[in-house]
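Have your viewer ready and follow along.

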Amino acid sequence: MSIDKKWDLLFIKDERSMFDADTKMFLELFNHVDIALGKKEALKLFDAKNYDIVLGDLSVEPESVGFLKQIKD
């Protein structure tokens, strides 16, 4: 990853989350932001596209290590 370019981000959001990934800050920091609601949608997007960064809301998946392994596999 180059520090000279804006990166593509996958943000995994919980439906109950108060955090808004559509904020102006995210759009200024990243080239492209995809927002997935939950684990299934995140895996589908991750399989379809290459992301530089995957960022998840802490409330999405209590077994986050297992979810990261699924993404890696």
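A polar contact is a pair of N or O atoms within 3.5 Å, where, within protein, one must be able to donate a hydrogen and the other to accept it. Please keep in mind that this is a predicted model. With that cut-off in hand, look at D34 and Y51: their side chains are joined by a polar contact of 2.5 Å.

Where does D34 lie? It belongs to strand β2, which covers residues 32–37. D34 counts as buried because its relative accessibility is 15%, and buried means under 20%. Setting aside neighbours within four places in sequence, the residues in contact with D34 are L9, L10, F11, L45, K49 and Y51.

Side chains of opposite charge can pair when their charged atoms come close. Here the side chains of D34 and K49 form a salt bridge, with 3.3 Å from N to O. This pair links distant parts of the chain, since D34 sits in strand β2 and K49 in the loop between α2 and β3, 15 residues apart. A search of the whole structure turns up one salt bridge. While D34 is buried, K49 is partly exposed, with a relative accessible area of 30%.

Now zoom out to the sheet. Strands of a sheet pair through backbone hydrogen bonds, either parallel or antiparallel. In this model three strands form an open sheet in the order β2-β1-β3, and the pairing is parallel. β2 and β3 (53–56) stand at the edges with a single partner strand each, so one side of each has no neighbour in the sheet. On average, neighbouring strands here are turned by 20° against each other, direction ignored.

Strand β1 (residues 8–13) is joined to β3 by four bridges and to β2 by six. For example, F11 has I35 as its bridge partner in β2 and stands opposite L55 in β3. Helix α2 (residues 39–48) packs on the sheet, touching β1, β2 and β3, and its direction makes about 145° with that of β2.

How many residues of β1 are buried? Six of the six are, so the strand is largely enclosed by the rest of the structure. In a regular strand the side chains alternate between the two faces of the sheet. In β1, D8, L10 and I12 point one way and L9, F11 and K13 the other way, and all are buried.

Terms used
Residues numbered from 1 in each chain as written. Predicted model: local features only at pLDDT ≥ 70, side-chain atom pairs only at ≥ 80, totals over all residues. Heavy atoms only, no water. Helix = DSSP H or I, 4+ residues; strand = E, 2+ residues; numbered from the N terminus. Buried < 20%, exposed > 50% of the residue type's maximum accessible area, 1.4 Å probe, protein only. Contact = heavy atoms within 4.5 Å. Pairing = 2+ DSSP bridges. Axes fitted to C-alpha atoms, helices over the stretch in contact; angles between N-to-C directions. Salt bridge = Lys/Arg side-chain N within 4 Å of Asp/Glu carboxyl O.
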